[in-house]
Amino acid sequence: MGPLIGITTRPRLVQASGGEMWADTVSHTYRNSVARAGGLPILLAPVKDGAVPSVLDRVDGLLMTGGGDVDPDLYGGTRIKEMYGIDPTRDRFELALAREAHRRKMPVLAICRGIQILNVALGGSLIEDIPNEIGSDFHSKIGPEVFEAFQNVSIDESCGLAALVGATSIGVNSIHHQALRQVAAGIHPVAWADDGVIEAIEADDPEWPLIGVQWHPEYLSEVEDDPSRRIFSAFIENATRARVATA
């Protein structure tokens with residue numbers, strides 16, 4: 001039996017028997033990617049901060065997913081009209097998850113919003129809106145393009161990600177308007193888009209198996225993109241080792 005992977009959820013309005021109501025959801029692409037790599041996916045709905053250690057006691061790895069923007073009040077940012085999907089309950093839960101996973105050196109795969117909330121949890125800040133600040137407009141493509149590797153990312157040749165994907169330049173998709181600004185202590189950037197936006201991070205501590213990417217490998221994994229499948233395979237391998245170590 002593969003390692004148990006906790007996947008953070010996103011609040012969405014769905015149509016249910018009682019009419020439209022809020023639900024804690026996750027795209028099937030995350031679930032599929034974890035299962036394809038040999039993990040057992042379970043969904044994590046928000047709980048009180050004090051219960052977070054008990055939640056992480058029960059999983060072998062943490063997958064922090066994409067979604068709405070992080071509240072700018074949490075990193076000293078400015079609230080602007082381009083922001084969307086801010087959810088204080090989700091923010092609070094994921095901040096607690098990120099800090100506890102960091103404390104434990106738990107295997108983490110952080111995707112898009114995932115690396116943003118992780119960075120904020122550890123003391124970093126975010127660019128509130130890339131088009132307004134940097135001028136680039138190629139970072140947020142939705143629809144069929146999420147399954148296409150249309151953007152170039154350059155990877156530091158000495159980092160673990162380069163070894164993992166077997167390349168120092170790869171094509172990725174891009175579905176975000178925010179990005180890391182000030183990188184938190186304990187993590188460092190290892191990949192960049194052509195405009196300088198940070199596209200991947202790793203931990204300073206080699207004992208913490210952290211993979212953080214700004215793009216969405218869960219979509220590209222659906223179309224057999226090799227680097228994306230390698231990312232999920234490495235994450236599941238990390239979680240498997242952690243499970244064996246604590247058995």
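Biologist: What makes a group of residues the largest nonpolar core here, and which members touch the most others?

Modeller: A nonpolar core is a set of buried Ala, Val, Leu, Ile, Met, Phe, Trp, Tyr and Cys residues joined through side-chain atoms within 4.5 Å. The largest such set in this predicted model has 35 residues, and Leu62, Val108, Leu118, Ile187, Ile201, Trp208 and Leu210 touch the most other members. Two or more residues come from each of helix H2 (52-57), strand E5 (61-64), helix H3 (88-104), strand E6 (108-111), helix H4 (113-121) and strand E12 (198-203). H3 contributes the most, with 6 residues. A second, separate core of 30 residues includes Ile155, Cys159, Ile170 and Phe235.

Biologist: On what basis are the values computed, and how are residues numbered?

Modeller: Residues are numbered from 1 along each chain as its sequence is written, and side-chain values use heavy atoms, with hydrogens and water left out. Because the model is predicted, local features need pLDDT of at least 70 and side-chain atom pairs count only at pLDDT 80 or more, while totals for chains, interfaces and linings use all residues.

Biologist: Which residues does Ile201 touch?

Modeller: Contact means heavy atoms within 4.5 Å. Beyond residues up to four places away in sequence, Ile201 touches Ile115, Leu118, Leu180, Ile187, His188, Pro189, Val190, Leu210, Ile211 and Gly212.

Biologist: Why is Ile117 called buried?

Modeller: Buried means under 20% relative accessible area, exposed over 50%, and partly exposed in between (1.4 Å probe, protein chains only). Ile117 has 0% relative accessibility and therefore counts as buried. Ile117 is found in helix H4, helices being DSSP runs of H or I with at least four residues and strands runs of E with at least two, numbered from the N terminus. Apart from neighbours within four places in sequence, Ile117 is in contact with Met64, Val70, Asp91, Glu94 and Leu95. The C-alpha atoms of Ile117 and Leu95 are separated by 6.5 Å, although the two are 22 residues apart along the chain.

Biologist: How do you know whether Pro72 is buried or exposed?

Modeller: The value for Pro72 is 0% relative accessibility, so Pro72 counts as buried. Pro72 lies in the loop between E5 and H3. Its contacts, leaving aside neighbours within four places in sequence, are Gly77, Thr78, Arg79, Met83 and Ile86.

Biologist: Why do Lys105 and Glu224 receive the labels they do?

Modeller: Lys105, in the loop between H3 and E6, has 39% relative accessibility and so counts as partly exposed. Glu224, in the loop between helix H7 (217-222) and helix H8 (226-246), has 62% and therefore counts as exposed.

Biologist: What is the phi of Lys105, and what is that of Glu224?

Modeller: Most residues other than glycine have a negative phi. Phi of Lys105 is near 60 degrees, a positive value, and Glu224 has a positive phi of about 65 degrees.

Biologist: What makes the chain as compact as a globular protein of that length?

Modeller: The chain has 8 helices and 13 strands. The radius of gyration is taken over C-alpha atoms, and the globule rule is 2.2 Å times the number of residues to the power 0.38. The chain has a radius of gyration of 17 Å, close to the 18 Å that the rule gives for 247 residues, so the chain is as compact as a globular protein of that length. Buried residues make up 51% of the 247 residues.
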